[in-house]
Amino acid sequence: MSVPVLKQAPVNPNTRILGLGAYRPDVIVTNDDVCQWIDSSDEWIRQRTGIVTRHRAAADVSVIDMAEGAAREALQKAGIDASQLGAVIVSTVTHPYATPSAAASLADRIGATPAPAFDISAACAGYCYGIAQGDALVRSGAAEYVLVVGAEKLSDVIDNTERTISFLLGDGAGAVVIGPSDTPGIGPSVWGSDGSKWDAIGMTHSLNEARDQALDPQGLTSRVNSQRNPAHGNTAHGSATLTALNTAEAAVTEAAIWPTLRQDGQTVFRWAVWEMAKVAQQALDAAGVTADDLVAFVPHQANMRIIDEMVKKLKLPETVTVARDIAEAGNTSAASIPLATHRLLKENPALSGGLALQIGFGAGLVFGAQVIVLP
Amino acid sequence: MASNEEILAGLAEIVNEETGLATEAVELDKSFTEDLDIDSISMMTIVVNAEEKFGVRIPDEEVKNLKTVGDAVSFISNAQA
């Protein structure tokens with residue numbers, strides 16, 4: 001039997017980032033604002049996190065609105081029409097619909113239909129996961145141009161009175177267009193996961209539990225507390241929650257039902273400083289370059305102290321410009337690296353064309369890193 | 001394997017690197033938080049660097065028990081044994 005020979009898509013040997021866009025929402029939350037909700041001070045927050053302000057989106061601004069703003073700028077900078085896109089990828093953990101995806105809606109809004117469109121759930125590593133996939137799609141010939149967006153409205157999933165993570169977080173979006181290139185523009189992705197630490201960062205409880213709690217506040221609250229915090233079964237925290245629910249105050253009940261983010265800061269800090277410096281070094285090695293070849297370092301903007309420690313561990317020379325957008329933007333999860341890169345290029349246009357090391361890491365735990373040529 | 005004096009000297013270097021405190025200020029009876037004014041994030045950085053320097057593992061749940069410099073020296077010494 002003779003089998004017809006299949007055609008396969010021709011590959012592109014090289015890719016690069018052609019254009020970058022950003023969207024920063026316009027509500028500014030200061031440390032003094034934060035201190036109305038938690039017992040802290042401007043000085044304490046600056047010292048431990050390096051954060052001075054965060055941008056948050058107004059109630060009527062959605063993840064897709066912010067993604068659209070960033071995407072339009074990225075397309076314009078890249079000189080690519082949305083109709084040329086072969087895929088639209090949105091990294092987000094805050095699109096409020098389990099389905100349909102933010103990406104499908106975004107593709108339609110910007111005129112990329114019928115490009116394949118899908119979301120990635122990789123939290124603060126989401127942008128680097130998106131770059132890994134966009135790069136692979138273009139090099140494999142599956143798409144000629146790919147739009148990768150990191151967009152988050154974290155203010156929808158925080159509890160302002162919570163102390164482990166909420167005060168760090170901001171909203172925003174960043175986007176890039178990846179396309180074929182004459183020269184290599186995206187180094188090999190070093191990416192991975194460690195699900196054994198799935199509970200280091202995440203939501204207080206699942207949507208199913210939220211539903212059950214809405215239907216039966218007392219029953220579920222005690223169940224969740226005993227499942228999530230076996231050691232705290234019926235301790236002060238559990239009974240305080242029950243008491244609050246018994247008062248039937250709408251606001252309190254809503255806060256208890258709605259899942260919000262929390263983290264084990266100590267575990268995350270150690271993992272970020274210790275393990276992620278190694279991953280960043282692997283990304284340099286995989287790209288065949290050293291720290292001396294970089295013009296910029298753009299780590300996920302989680303905490304200034306993590307950034308400082310990574311810079312030390314990687315022994316970055318002083319000639320490398322380090323992105324510190326976190327001071328003004330807070331931690332914006334999947335949006336933090338493209339937003340920080342956007343600021344870096346705005347403040348230092350001469351860096352364009354140089355090599356930048358970028359690394360994202362977060363809930364999963366998941367991580368991803370690449371060396372890229374700055375657009 | 002390092003002696004307790006060597007561990008103390010190594011720890012003092014790490015604390016100096018992280019906080020700028022003089023190495024002589026890092027004494028066995030000093031409390032990390034109260035005497036040396038080391039916050040929780042600096043403490044984790046010191047722990048990570050001590051693990052690297054002394055080739056030991058200091059679990060997260062153990063860190064809260066390391067109240068004084070002496071506690072850390074003893075833990076590292078025992079972990080190396």
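Let's start where the two chains meet: 9 residues of chain A are in contact with 7 residues of chain B. On the chain A side, two elements each give two or more residues to this contact, namely α10 (265-287) and α11 (304-313). The largest share, 6 residues, comes from α10(A). By residue type, the side of chain A that touches chain B divides into 3 nonpolar, 2 polar and 4 charged residues. Please keep in mind that this is a predicted model.

**Chain B**

Now for the partner itself. Chain B holds 4 helices and 0 strands, so its pattern along the sequence, by DSSP runs, reads α-α-α-α. How does its radius of gyration sit beside that of a compact globule? For 81 residues, a compact globule would have a value near 12 Å, and chain B, at 11 Å, agrees with that. The C-alpha trace spans about 30 × 25 × 20 Å along its principal axes. Of the 81 residues in chain B, 30% are buried. If you look at contacts between residues at least 6 apart in the sequence of chain B, 55% join residues at least 24 apart.

**Domains of chain A**

Chain A is assigned three domains, listed here with their residue ranges.

| Domain of chain A | Residues |
|---|---|
| Domain 1 | 15-180 |
| Domain 2 | 190-199 + 264-373 |
| Domain 3 | 205-259 |

The centres of domain 1 and domain 2 of chain A, taken over C-alpha atoms, are separated by 16 Å. Between these two domains, 40 residues of domain 1 are in contact with 38 residues of domain 2. The domain 1 side draws two or more residues from each of β1 (15-23), α2 (42-49), β3 (53-56), α5 (126-140), β6 and β7 of chain A. That side of domain 1 divides into 22 nonpolar, 12 polar and 6 charged residues.

**A closer look at Ile165(A)**

One residue in chain A is worth a visit on your screen. Ile165(A) sits in the loop between β6 (145-153) and β7 (171-180) of chain A. Is Ile165(A) buried or exposed? Ile165(A) has 21 C-beta neighbours inside 10 Å, and therefore counts as buried, since the cut-off for a buried residue is 20 or more. Leaving aside residues up to four places away in sequence, Ile165(A) touches Leu261(A), Arg262(A) and Gln263(A). Thr260(A) is 95 residues from Ile165(A) in sequence, yet their C-alpha atoms are 9.9 Å apart in space.

How values were computed:
Residues are numbered from 1 along each chain as its sequence is written. Chains are lettered from A and ligands numbered from 1 in the order in which they are written. This is a predicted model: local features need pLDDT of at least 70, side-chain atom pairs count only at pLDDT 80 or more; totals for chains, interfaces and linings use all residues. The radius of gyration is taken over C-alpha atoms; the globule rule is 2.2 Å times the number of residues to the power 0.38. A residue is buried if 20 or more other C-beta atoms lie within 10 Å of its own, exposed if 12 or fewer, and partly exposed in between; C-beta atoms are placed from the backbone. Ala, Val, Leu, Ile, Met, Phe, Trp, Tyr, Cys and Pro count as nonpolar, Asp, Glu, Lys and Arg as charged, and the others, Gly among them, as polar. Domain bounds come from an automatic or database domain assignment.
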